[in-house]
Amino acid sequence: MNDPFSKLKTAVWVYDIDNFCISWANEKALDLWEADSPEELRTRDFKVGSSDAVRSSLLDYQQAFRRGETRGEFWTFTPKDIVKKALLIMSGHVLKDGRMAMLCEALTLDLIPDMELVGSTVMMSSYQLDGTFISANPPFKEDIGSEDIRLDELIVMGSKLAQIYTSLESSGQFKGDVLCRRQGMEVWYHLDATLSSQDGVKKILIHQYNIHNRKLQERAFEKDSHTDLLTGLLNRRGLFDRLQSYRDEKKHFAIFYLDLDGFKMINDSFGHACGDQVLKSVSARLSATIFSKGHACRFGGDEFIWTCELDELPLPIDVLSEKLLNAVSHTFYGEFGVPMDVAASVGSAIYPQDGITTQEIISCADAAMYMAKRTGKRRAVCYRPGMEKENKRLGILAQNLSQAIKNRELSLHYQPIYHVGTNKIDSYEALIRWQCESLGYISADETIRIAESTGLIHSIENWVIRQALQDLKEFREGSDDSIRMSINISGLHLAQADFVSSLEEKIIQAGLTPQDVIVELTETALLDGIDDEDSNVNQLHKLGVGISIDDFGTGYSSLAYLHKIPADVVKIDKSFVEQVGKDSRTIDYIHRLISSLGKTTLVEGVETQEQKEIVQALGINLHQGYWFSRPQSLMFFKSQPISPRVIEIG
Ligand code: C2E
Ligand code: CA
Ligand code: CA
């Protein structure tokens, strides 16, 4: 810049009040605003982050500038979250298009260190070293309301007085803002105290300036600038401040990072006002859970952080994480009583064990939270070293999975379910296989977890359904027409409003009937709609689709609810079969119960002949497991129509 303003030590700029932007600035102003370049500053949107109060004041000033007036005020700026103070001289500046802009000149504290004292009358007093009053000037007497006040009476806080004495002893002076007593009230002053020695007598001289209003404004600003306006919790800056204090005081602390699951959906479907209400309720529930310990912060849109000193933690970290999770995971009710389900994922990390800078420790908690989300949501996870790498892998998988159908990376393997009584295949279970181009073979469990956490589960299972129904027709060709197809369905997919009608449509399209299909669901998914006549499970049952309870015994082990679930088959989890050589009583008991409810028992994970025989002797006829056949492709079964094992059994 060649203009004369570039030489000025003060920051000068023109602010376009109507368009919330800076239209011109000198070099000093770039420094003040922490701008990388004049272009960056010119394109900065000052509407974002400015309060209504400031915007309204500026519009008032615009009027005043039109009348030829100017303004001078003490301002605090926070460009890029850095707090700066300056005396701001504001005047009118007419733009080319005739609009009134604001010409600003800022005198920062570094230019005039005592600027804040300008305009306030100096009060002077002197004391003996023990604090006994000696004398004062009239403004002091007038202001303080006393002609004889001891130093320890004047200064409110004993600790502040001790600090003043220490400073006087070490450097002969003290400067600072101090709360003093004044006519029965407590008022802020700036104190400039010196140790003076006249005629061999030492005494304390104090120059004192009333800064009460400025101090109150500053403190209010401090509070405002550290508080999230919507929830009243700390904001980011407030949190960073507290964490810095912990670190300065060498305290060890824990960070709990909460991120709401499903909040975006609430905002999108019910509107932002409703979203705000939910955020308020969440913070109230959070505040009530943290036992008034530590500090709670709204860290971003729907992200919250609670931090607490390790010594003050009321419970172990994993228990606290669960508590926070449960407190926040809740059904909120919007207008007309519309229920909105909110859940959270929680990640925790410990300072200094997991990270030594504030940013590092927050990133660790964030990584743990991300892992909780990736591995199924509504979970709490503690940080482990290496989690960032694992997150990265999961991120890549999530990205790849969205393209997997299109790129033909998914396929199905089928595992037969045998009826050992008739020696026939009752059905095939379809199991997903993913050969990911960048990361190789991914297990079915992981594929499904990623699909669930990314919301891809619906499209992936719809692909599974179509493919499996098509392949069922191939299986039937030239063999048994009664063979059925068993398809695993995630609870998330089952909960889709149109799940049943969409399945029915696919069955019809494939030229099959509902009776040809079995849906395998876990207990957790089945319990969801247990008391609802019209639940998707009940609709499925009415449609005539077979229902199988998968992995029975690993979830809620809901023996007590079993009679309410409209399932035809109960698949006892493979962990039970492993025990059967030593003790078969548990399986026997579960089988009797299942039979007494009119349902059929299926045992999965049969790996040996011994297991097969024990289970069969208990009267259980439906078997599935490596003993009979591993899951294989359609091609495999087509190339050897009769399984060797069936021949062996037969
Ligand atoms: P699952 O439904 O319990 O399926 C049985 C799993 O046990 C399969 O693992 C199968 O390969 C394995 N298995 C079968 N016989 C034996 C045996 O004798 N011993 C042992 N140790 N394991 C045996 P896979 O294929 O890795 O699938 C894992 C899980 O992934 C499945 O467990 C199922 O929950 C899920 N999954 C697979 N495909 C789908 C799908 O399309 N949708 C959903 N929601 N889940 C699926
Ligand atoms: Ca299954
Ligand atoms: Ca199973």
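In this predicted model, the donor residues of the calcium ion (ligand 3) follow the sequence spacing D-D-x52-E. The protein donors are Asp550 (OD), Asp551 (OD), Glu604 (OE) and Glu604 (OE), lying 2.1 to 2.7 Å from the ion. Asp550 sits in strand β22 (residues 546-552) and Glu604 in strand β24 (residues 600-604), so that this pair, 54 residues apart, links distant parts of the chain. Asp550 counts as buried because its relative accessibility is 8%, under the 20% cut-off. Glu604 is likewise buried, with a relative accessible area of 8%.

The calcium ion (ligand 2) is 4.0 Å from the calcium ion (ligand 3), and Asp550 coordinates both. The calcium ion (ligand 2) is coordinated by Glu429 (OE), Asn488 (OD1), Glu520 (OE) and Asp550 (OD), at 2.1 to 2.3 Å. Its donor residues are spaced E-x58-N-x31-E-x29-D in sequence. Glu429 belongs to strand β18 and Glu520 to strand β21, so the pair ties together parts that are 91 residues apart in sequence.

The relative accessible areas of several residues are listed below.

| Residue | Relative accessible area | Class |
|---|---|---|
| Glu429 | 5% | buried |
| Glu520 | 2% | buried |
| Asp550 | 8% | buried |
| Glu604 | 8% | buried |
| Phe336 | 79% | exposed |

Strand β18 (residues 424-436) pairs with strand β20 (residues 484-488) in the parallel sense, over 4 bridges. Within that pairing, Ser427 has Arg484 in β20 as its bridge partner. Strand β20 also pairs with strand β21 (residues 517-522), again in the parallel sense and over 4 bridges. Here the bridge partner of Ile487 is Val519 in β21. In a regular strand the side chains alternate between the two faces of the sheet.

A separate feature is a nonpolar patch on the surface, formed by Phe270, Phe336 and Val338. Together these residues have about 320 Å² of accessible area. Phe336 lies in the loop between β14 (330-333) and β15 (339-351). Phe336 is classed as exposed because its relative accessible area is 79%, and the cut-off for that class is over 50%.

Notes. Residues are numbered from 1 along each chain as its sequence is written. Chains are lettered from A and ligands numbered from 1 in the order in which they are written. This is a predicted model: local features need pLDDT of at least 70, side-chain atom pairs count only at pLDDT 80 or more; totals for chains, interfaces and linings use all residues. Side-chain values use heavy atoms; hydrogens and water are left out. Two strands pair if DSSP finds at least two bridges between them. Helices (H or I, at least four residues) and strands (E, at least two) are DSSP runs, numbered from the N terminus. Donors are N, O and S atoms within 2.8 Å of the metal (3.2 Å for Na, K and Ca); water is not among the atoms, so sites may look incomplete. Buried means under 20% relative accessible area, exposed over 50%, partly exposed in between (1.4 Å probe, protein chains only). Patches are made of residues with over 30% relative accessible area and no salt bridge: like charges are joined within 9 Å, nonpolar side chains (Val, Leu, Ile, Met, Phe, Trp, Tyr) within 5 Å. Accessible areas come from the Shrake-Rupley method with a 1.4 Å probe; for residues, only the protein chains shown count as cover. A salt bridge is a side-chain nitrogen of Lys or Arg within 4 Å of a carboxyl oxygen of Asp or Glu.
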